[in-house]
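Dear colleague,

I am passing on the structure we spoke about, and my notes on it follow below. Please read them with the coordinates open beside you.

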Amino acid sequence: AEAYTLFDWANDPAEAVMLLDKAMEVKKIDNPQYYITRAKAFDLKNEGGDIMNALQNAERLAPKDLASIYSFMAKIWLQGKNYKEADQAINKSIAADKEHAPAYYYLSSYLQTYQKWEEAAEAARKYLMYGDGDCLANLRYAKLAFTAKDFGNVLGKIKEIESCNTDPIVHRLSGISKYELGDYDGAINDIKTYISKAEKEEIFGLDYGFIGRAYMAKTDLVNMEANDKMAIEYMEKAISLKDTTFDYFTELGIYFQ
């Protein structure tokens, strides 16, 4: 039964449930693993009520890994947008095991719902600390750190995943972070790289706007005329794409007054 729930590309949740029923017929013992496997089978079938019923049965038997059961509950509550119940399940999971990584993953998702970006990024950091720290998890953390304006950590995390990541979004995150930290040449190079690698529909006016603003912020007196020309060119491109992230006309007017 458990084998029928293990793989995304080859599973049979109905067969899993049928075999679990047979197992209970053969020997009627309360085994929490039976209910956990049943919950996984119903999760594959997206049957929320049956999932929760199975998890509550597993919880009743007080297994050693209660943190996993509560984090599983948190996942289901979040999927159903039952945020109060999700919060309770997350807190129970962390109380059962403060180093249970999935609990922090769901806590991060929960906090994003309420736009608590700094707290969400901190929860994502703990998920990485206690979990396997794979490339996607690190990229997710970098995005949250960016939203929380923790630009130094964004750059550090992007550096860590440069050998495994293939998503061009890291060049936008890196470029804007460098702009905010005053590295204007780095910002220009990274955002230009993003534009060269990203899908056309994923390139926005703000990308050109940040390049233009970076050129305008440079203090290279020798190349000032060339930089000013590039600033105008890229900011006009942002305006032509109807980007309203910044008031480019006002910024240009103040700069050239």
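Apart from its neighbours within four places in sequence, Met-73 is in contact with Met-52, Leu-55, Gln-56, Glu-59 and Ala-89; please keep in mind, here and throughout, that this is a predicted model. Met-73 also belongs to the largest nonpolar core, which has 70 residues, and together with Ile-51, Leu-55, Leu-107, Ile-195 and Ile-211 it is among those that touch the most other members. As a general point, nonpolar side chains in soluble globular proteins tend to be buried together.

Two helix pairs deserve a careful look. The axes of helix α2 (residues 32-44) and helix α3 (residues 48-60) come within 8 Å and cross at roughly 165 degrees, and since angles over 145 degrees count as roughly antiparallel, that is how α2 and α3 are described. The crossing of these two helices is left-handed. On the α2 side the residues that meet α3 are Pro-32, Tyr-35, Ile-36, Arg-38, Ala-39, Phe-42 and Asp-43, while α3 contributes Asp-50, Ile-51, Ala-54, Leu-55, Asn-57, Ala-58 and Arg-60. By class, this contact of α2 with α3 comprises nine nonpolar, one polar and four charged residues.

Asn-46, in the loop between α2 and α3, has a positive phi of about 60 degrees although it is not a glycine, and with a relative accessible area of 63% it is exposed. Lys-81, in the loop between α4 and α5 (83-96), has a positive phi near 60 degrees, again in a residue other than glycine, and at 61% relative accessibility Lys-81 counts as exposed.

Finally, Ser-174 sits in helix α10 (residues 169-180) and, at 6% relative accessibility, counts as buried. Leaving aside its neighbours within four places in sequence, Ser-174 is in contact with Leu-155, Ile-158 and Asp-190.

With best wishes

Definitions and conventions. Residues numbered from 1 in each chain as written. Predicted model: local features only at pLDDT ≥ 70, side-chain atom pairs only at ≥ 80, totals over all residues. Heavy atoms only, no water. Core = buried A, V, L, I, M, F, W, Y, C linked by side-chain atoms within 4.5 Å. Buried < 20%, exposed > 50% of the residue type's maximum accessible area, 1.4 Å probe, protein only. Contact = heavy atoms within 4.5 Å. Axes fitted to C-alpha atoms, helices over the stretch in contact; angles between N-to-C directions. Helix = DSSP H or I, 4+ residues; strand = E, 2+ residues; numbered from the N terminus. Parallel < 35°, antiparallel > 145°, perpendicular 65-115°, else oblique. Left-handed = near helix turned anticlockwise from the far one by under 90°. Nonpolar A, V, L, I, M, F, W, Y, C, P; charged D, E, K, R; others polar.
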